[in-house]
Amino acid sequence: MTSSHSNTRLSPETILIAVAWPYANGHLHAGQIAGAYLPADIYARYHRMLGNHTLMVSGSDSHGTPVTVRAESEGTTPTEVFERFHESFLDTFNRFGISFDLFTTTDTENHAKVTQDIFLTLLERGYLYEAEQTLLYDPQADRFLPDRYVEGTCPHCEYTQARGDQCDDCGRTLDAFELINPRSKLSAASPVPKTTKHHFIKLSAFNDSLTEWVTQQTHWRPAVRNFTLGMLREGLHDRAITRDIDWGISVPLDGYENKRIYVWFEAVIGYLSATKEWAQIEGRPDDWKNWWQNSESRIIYFQGKDNVPFHTLIWPAMLMGYGDLNLPYDVPANQYVTISGSKASTSGNWAIWMPDYLDRYDPDPLRYALTVLMPETSDSDFSWSEYVRRNNDELVARWGNLVNRVLTITRRNFEGRTPATPSSLSQESETLLRRVDDAFEIVGEQINEVQLRRALASTMEIAQGTNQYLEERAPWSAVKNDPEHAGETLHTAINAISGITTLLQPFLPFTCAAAWDFLGHSGEVQEAGWGRTPVAGETLLPEPSPLFRKLDDSIVEEEEAALGT
RNA sequence: GGCAGGGUAGCUCAGAGGCCAGAGCAGGGGCUUCAUAAGCCCUUUGUCGGCGGUUCGAUUCCGCCCCCUGCUACCA
């Protein structure tokens, strides 16, 4: 292997890739994929190819009020609802190539055990306390109402559809008790105040240690770090972590039979419990410690921006309180992807639903489109016309066609085999191959820093450079009067393509697997390591077929018409 | 209201205290024909949101203002 990669960190590294837990009350859409799952997958595939101890985990968030509400409106059980969408998630990840080592759920015995242990330990150490709280209660639905499940008239602007947490009309933050004529969103009933007892986590006790810790995280994205520091400057509020519901994890205390541990407290614990579950499945139950207690390991949380405080404040506070577990190394949260200029909306059907997409199109073009516009610094916009254009101009014409044209000329003129290895290489050929080899370090570092759009652009530039190289060397004419020159060119181009295929594998795993086979390689590209695998002279080349399908412009209109219906 | 991010070519976006502010696409011109009518070269366009300030010099730093997006913690 001629890899030029040199890793400045200790190698192999130990890396836990912790990905957002999707709420199991609907299918996944492209915005969630671009925000968390795809960047995590690219990152994981790269680190696996480097040979690092890489583990990628997540699971379905199966608890919470929306799951219960959906179950009731469908006349079924919460279990049925979350299991249905858990299956949908697994199917999406499988078809889209999101390569989890374990994608579990929060409804396992293991997770309940880990959660209860953390709960009791924090209680023992004085980080939890019991207090009374008065909340709005829906007597008809027999349930306490989160602020946003209460509607009424805004006391400031008299908008009649204001939610209990915020008025959508004037934008002001509200307290549900301020609403005039409050109504429950779950029934027609008027909510009434009711006092209840809960456990609170003393987040305020961690304000100083969190501030000190976050201040040191200068490698975090500015948006994530500034936002977090801003909240710390305001001062953290203690939060209730139990609820009067019956769907969720039991509170391990007497007198709490009718309460459950609240979802946001237990869902983040899923990262730890999933690691433990994976270790048990592997038959090495202590292996979770490699990621959570080894000071050399890095834990990276891939999230959408709405989840930042849970991963930069609340979960770290819980970890500090529990002790002896690694704090997050980074939380490279993404902004949002809008669809044709508007924010994705589940209820308005304004989204690219992954099951629908995968029924109609191939995974790699969407992986490509979403990576190219990954919202790493600001919100970005997905449109079907850009999707089609990028597929046709960039994947089909620039990269797919490069592979196809080189292999086709070669097979036709060199008896179906790679030309013999040239005795010496021209300046241009050497330059091209060096550029490919150097890219492993450059692109690798960009992936490691989670600058994925830049990493993909860097790689695609090399594909373009290979097209330029071919133009200059015109092997299609050289083959007639200077076969040796043509042979050197095509041998070099095939080797460049081999390197580019490996570089693209984290981004486009399906088509790179195909390209790998067309190059006459055996085995799998993801097993080849992060470096260019040379193609020897006289390698038998199988008949290639196009890596990407050209898409017709008509799908733009079709797909856009389906939005919002 | 508060906080955060953003406002850069027709479009989608990069970028950086100072050589002519960039890329891809779109538009215009040319070359090529191996390839999925694919490839390559050349080329037009910008008051870098507005107003002040710091500086020898700012679009890049600071202040104020306008606009967009998100968050504002019992949705997670």
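A salt bridge here is a side-chain nitrogen of Lys or Arg within 4 Å of a carboxyl oxygen of Asp or Glu. The model is predicted, so local features need pLDDT of at least 70 and side-chain atom pairs count only at pLDDT 80 or more, while totals for chains, interfaces and linings use all residues. Residues are numbered from 1 along each chain as its sequence is written, chains are lettered from A and ligands numbered from 1 in the order in which they are written, and side-chain values use heavy atoms, with hydrogens and water left out.

**View 1. A network of salt bridges links E386, R389, R390, D393 and E394.** Zoom in on one pair from this group: R390 and E394 form a salt bridge, with 3.0 Å between the closest N and O atoms. Both residues sit in helix 13 (384-413), four residues apart, or about one turn of the helix. (Helices are DSSP runs of H or I with at least four residues, strands are runs of E with at least two, and both are numbered from the N terminus.) R390 counts as buried because its relative accessibility is 18%, and E394 is buried too, at 9%. For the cut-offs, buried means under 20% relative accessible area, exposed means over 50%, and partly exposed is in between (1.4 Å probe, protein chains only). The areas themselves come from the Shrake-Rupley method, and for residues only the protein chains shown count as cover.

**View 2. R143 reaches E72 in a salt bridge.** This is a pair from a structure that holds 26 salt bridges. The closest N and O atoms of R143 and E72 are 3.0 Å apart. R143 belongs to strand 5 (residues 143-144) and E72 to helix 2 (residues 65-74), so the pair ties together parts that are 71 residues apart in sequence. R143 is buried, with a relative accessible area of 12%.

**View 3. E430 and R434 pair up along helix 14.** Their side chains meet in a salt bridge at 3.8 Å, N to O. The two residues are four apart, about one turn of the helix. Both are partly exposed: E430 has 39% relative accessibility, and R434 has a relative accessible area of 43%.

View 4. Leaving out residues up to four places away in sequence, Q446 touches Q451, R454, A455 and S458; a contact means heavy atoms within 4.5 Å. V450 isn't a glycine, yet has a positive phi of about 55 degrees, and V450 is buried, with a relative accessible area of 5%.

**View 5. Helix 18 packs its buried residues against several other helices.** The buried residues are P509, T511, C512, A515, W516 and F518. Their packing partners are helix 1 (30-50), helix 12 (363-372), helix 13 and helix 17 (483-504). Just past the end of helix 18, G520 takes a positive phi of about 85 degrees.

**View 6. A patch of negative charge gathers D552, D553, E557, E558 and E560 on the surface.** Patches are made of residues with over 30% relative accessible area and no salt bridge; like charges are joined within 9 Å, and nonpolar side chains (Val, Leu, Ile, Met, Phe, Trp, Tyr) within 5 Å. Asp and Glu count as negative and Lys and Arg as positive, with His and the chain ends not counted. Each charge is placed at NZ of Lys, CZ of Arg, CG of Asp or CD of Glu. D553 lies in the loop between helix 18 (509-518) and helix 19 (554-562), and D553 is exposed at 58% relative accessibility.

View 7. T421 and H491 are 70 residues apart in sequence and 6.8 Å apart in space, C-alpha to C-alpha.

**View 8. D324 has a positive phi of about 65 degrees although it is not a glycine.** The residue sits in the loop between helix 10 (308-322) and strand 15 (337-339). D324 is exposed, with a relative accessible area of 61%.

Methods
Areas by Shrake-Rupley, 256 points an atom, 1.4 Å probe, with all protein chains shown as cover.
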